[in-house]
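Colleague: I have just opened this one and would like a careful walk through it. Could you take my questions as they come?

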Amino acid sequence: MTDLDRRDVLRGVAGLSTAPFLLASVSGAAEVPDGPAGVHAAYGRDPATVLRLGWTGAPAMDAHLEIGTPDGSRTVVEAAANPVPGRETVAYSATVTGLAPDTEYEYAAVLDDRRSGPFTVSTAPDTTDGFSVTAVGDHGIADPENPFQRANTDDPEGVMSTAARLNPDVQLLPGDVAYANGNPTTWELYFDVFESFYAETPFMTVPGNHEAEPGTGLTQYDRRLNDLMPVDDPLGIDDLQHEQRWHHFDYDNTRFIGLSTTTDACGDVGRGEEYIPIYDPRCEAGGITYGEVQERFLRAALEDAADDDDLTWTVVYFHGPMWTDSPDHAPRKDLRARWGKLFDEYGVDLVLCGDNHVYERTKPITARPDREEYGSREAWEWDSPRGTTFVTNGTGGTSRYGFGNKTPGAYLARRTNQHFGVTQLDIDDQRIRVEYVTHETGEDGDPIVADRFEIRKSDTRTEKGVKRPMQVDRYTGSVTDSLVVEGTRTDDGSVFTGGQTNRIELSFEATHRVSIRDRIPANWTVVGGEATRTEDAPGDTQWVYFDDGLDTEGSVTYLVEAPEGAAATGQDTFGPFQARSPDFDEWMSVPGTESEETVVGASTSL
């Protein structure tokens with residue numbers, strides 16, 4: 001496939017090559033809601049011989065895939081069908097085995113007399129002189145019809161267009177894919193917009209917290225994406241609570257291992273953003289938790305990779321990070337203690353995460369010997385060039401997060417919340433070259449590269465006999481160029497009767513000059529102070545704005561009145577307040593500035 005084929009990620013622009021044996025679609029999925037729509041490709045366990053293709057559409061009597069080489073030969077493969085909740089829509093998947101390595105195939109998805117395509121996709125070579133991977137988490141799509149979606153700009157399109165221009169052999173997305181949050185039409189919009197890229201670039205995913213949707217859990221993710229992943233390791237535990245959403249595949253000299261930090265069918269799945277620790281007893285069935293069952297798989301996959309002389313590198317990807325400075329989602333200490341120790345024992349080269357909407361790269365991290373537990377930072381060291389590198393990249397285009405401290409954590413080599421972009425891996429036998437390629441362009445017209453480093457093998461071996469990776473820093477900029485805002489909120493109390501006034505003071509200190517705004521319930525009324533205007537905000541809330549003057553520190557005070565009436569009785573959330581700098585041009589939440597106020601709706605007035 002040429003670079004031009006993937007030049008533009010928007011549906012219908014890329015992947016319109018002529019077909020010798022397949023008929024082109026009469027119209028795109030936008031005009032034919034019955035489908036096939038949202039076609040996307042994935043690799044099987046062996047990317048050189050197995051492809052998995054998926055799409056959605058209305059129920060059909062005949063659902064199949066037509067696939068073959070451009071010289072004219074073709075195969076018809078029957079598609080499996082699984083309904084998805086919320087709409088009369090079916091997710092279809094087809095697995096094609098016995099393919100030739102390093103071969104371009106042409107295919108079309110067919111539902112009765114309707115078809116989508118043709119698309120082209122290639123199997124992996126048995127061996128290569130090098131290959132390329134792009135990765136980013138927390139992607140999304142702006143859907144004005146979904147009040148619970150998160151993206152509200154075209155940045156997600158810009159990020160994936162950047163990935164398409166880099167022409168990767170594989171695209172990884174470690175969680176928070178569409179941000180549908182319970183609305184299946186957002187999934188359909190997502191795959192429609194990015195179809196031309198995902199249909200021709202194998203797209204490998206694991207779930208994030210936003211795949212756990214209100215009322216249906218991870219069913220949408222399972223049917224639309226997990227059914228295409230190379231989940232070929234039955235562990236003898238067959239129940240919803242242990243639904244396997246982890247996998248591995250080997251591309252040339254690299255083992256890729258995808259893991260799930262998101263649970264289903266345990267705890268409260270009524271909230272799309274609920275986080276249940278995967279080692280929590282609520283996630284236990286048959287005497288084993290969701291974390292432990294993955295740990296068995298992880299150890300086996302790492303052991304197998306260590307014994308395979310054809311594999312040089314190991315890359316692991318999952319959603320929730322073990323190492324991060326952003327307080328929006330705290331570091332997963334439970335995973336650090338369990339998975340982190342395994343990564344160290346087996347010399348994992350690179351770990352890719354998302355969840356926090358920032359970019360962070362750690363220094364090489366190794367476990368200190370003879371510790372009883374490895375959840376705390378004190379159990380680890382980062383003073384050597386040898387060890388595992390952890391990258392958090394949740395800059396897929398859905399908002400930016402702040403950092404909780406002005407000075408980067410001692411374990412970090414680089415952090416920024418200034419960009420949206422993808423992590424690019426160029427892998428050969430000698431090194432993994434990594435760059436953080438943003439979707440912004442410099443004066444020369446090329447994308448801005450906001451980080452670069454290499455991973456090589458050292459002569460030091462782990463306790464399992466695996467050569468430890470070694471990080472070589474190639475970035476010449478500062479460790480941090482981030483906007484960091486620290487703040488506090490104080491008010492008159494925590495319980496208010498209807499009509500009572502609450503005085504709120506917001507204080508801040510920032511690394512750049514900022515303006516601020518607060519978020520309060522829509523049924524509270526601003527009655528005085530330094531507030532200048534209000535504006536409707538999502539989720540039955542409102543924004544409170546102040547003078548646009550910019551400063552690196554300061555405070556504002558304003559007055560609000562509690563709502564009256566029995567219907568107003570309950571608990572309300574204020575904040576967090578947000579800050580924006582002209583240098584970053586996006587509002588970011590200030591950590592630790594939320595408060596809960598209880599309202600007794602009866603008025604105190606006579």
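Colleague: Let's start with W187: buried or exposed?

Modeller: This is a predicted model, and in it W187 has a relative accessibility of 0%, so the residue counts as buried, the cut-off being under 20%.

Colleague: And what about F191, buried or exposed?

Modeller: F191 counts as buried because its relative accessibility is 3%.

Colleague: Which residues form the aromatic cluster with W187?

Modeller: The cluster is made up of W187, Y190, F191, F194, F197, Y198 and F203.

Colleague: How many residues of α2 are buried?

Modeller: Helix α2 is mostly covered, with seven of its 10 residues buried; these are P184, T186, W187, Y190, F191, D192 and V193.

Colleague: What do those buried residues pack against?

Modeller: The buried residues of α2 pack against the helices α1 (155–165), α3 (195–198) and α4 (219–224), and also against the strands β1 (37–43), β10 (170–174) and β11 (203–206).

Colleague: Back to ring pairs: why is the pair of F343 and F390 called tilted?

Modeller: The ring centres of F343 and F390 are 6.4 Å apart and the planes are at 45 degrees, so this pair is tilted. The pair links distant parts of the chain, since F343 is in helix α6 (residues 333–345) and F390 in strand β21 (residues 389–393), 47 residues apart.

Colleague: Are F343 and F390 buried or exposed?

Modeller: F343 is buried, with a relative accessible area of 0%, and F390 is buried as well, with a relative accessible area of 8%.

Colleague: Which ring does the charged end of R336 sit over?

Modeller: The charged end of R336 sits over the ring of W323, at 4.1 Å from the centre of that ring. Another arginine, R517, lies over the face of W543, where the distance to the ring centre is 3.6 Å.

Colleague: Changing topic, where is N253 found?

Modeller: N253 is in the loop between β12 (247–251) and β13 (254–258), and with a relative accessibility of 3% N253 counts as buried. The side chain of N253 makes a polar contact of 2.9 Å with the side chain of T254.

Colleague: Which residues is N253 in contact with, leaving aside its neighbours within four places in sequence?

Modeller: With those neighbours left aside, N253 is in contact with F131, D310, L311, T312, W313, I427, D428 and D429.

Colleague: Last topic, sheets: what is the order of the open sheet of four strands?

Modeller: The order is β4-β3-β7-β8, and the pairing is antiparallel. At the edges stand β4 (74–78) and β8 (114–122), each with a single partner strand, so one side of each has no neighbour in the sheet. From one strand to the next, the twist averages 20 degrees.

Colleague: How many bridges join β3 to β4?

Modeller: Five bridges join strand β3 (residues 63–68) to β4, and the two run antiparallel; L65 stands opposite V77 in β4.

Definitions and conventions:
Residues are numbered from 1 along each chain as its sequence is written. This is a predicted model: local features need pLDDT of at least 70, side-chain atom pairs count only at pLDDT 80 or more; totals for chains, interfaces and linings use all residues. Side-chain values use heavy atoms; hydrogens and water are left out. Buried means under 20% relative accessible area, exposed over 50%, partly exposed in between (1.4 Å probe, protein chains only). Rings of Phe, Tyr and Trp (its six-membered ring) pair if their centres lie within 6.5 Å; planes under 30 degrees apart count as stacked, over 60 as edge-to-face and the rest as tilted. A charge sits over a ring if NZ of Lys or CZ of Arg is within 6 Å of the ring centre and within 35 degrees of the ring normal. A polar contact is a pair of N or O atoms within 3.5 Å; within protein, one must be able to donate a hydrogen and the other to accept it, and residues adjacent in sequence count only if both atoms are side-chain atoms. Contact means heavy atoms within 4.5 Å. Two strands pair if DSSP finds at least two bridges between them. Axes are lines fitted to C-alpha atoms, for helices over the stretch in contact, and angles run from 0 to 180 degrees between N-to-C directions.
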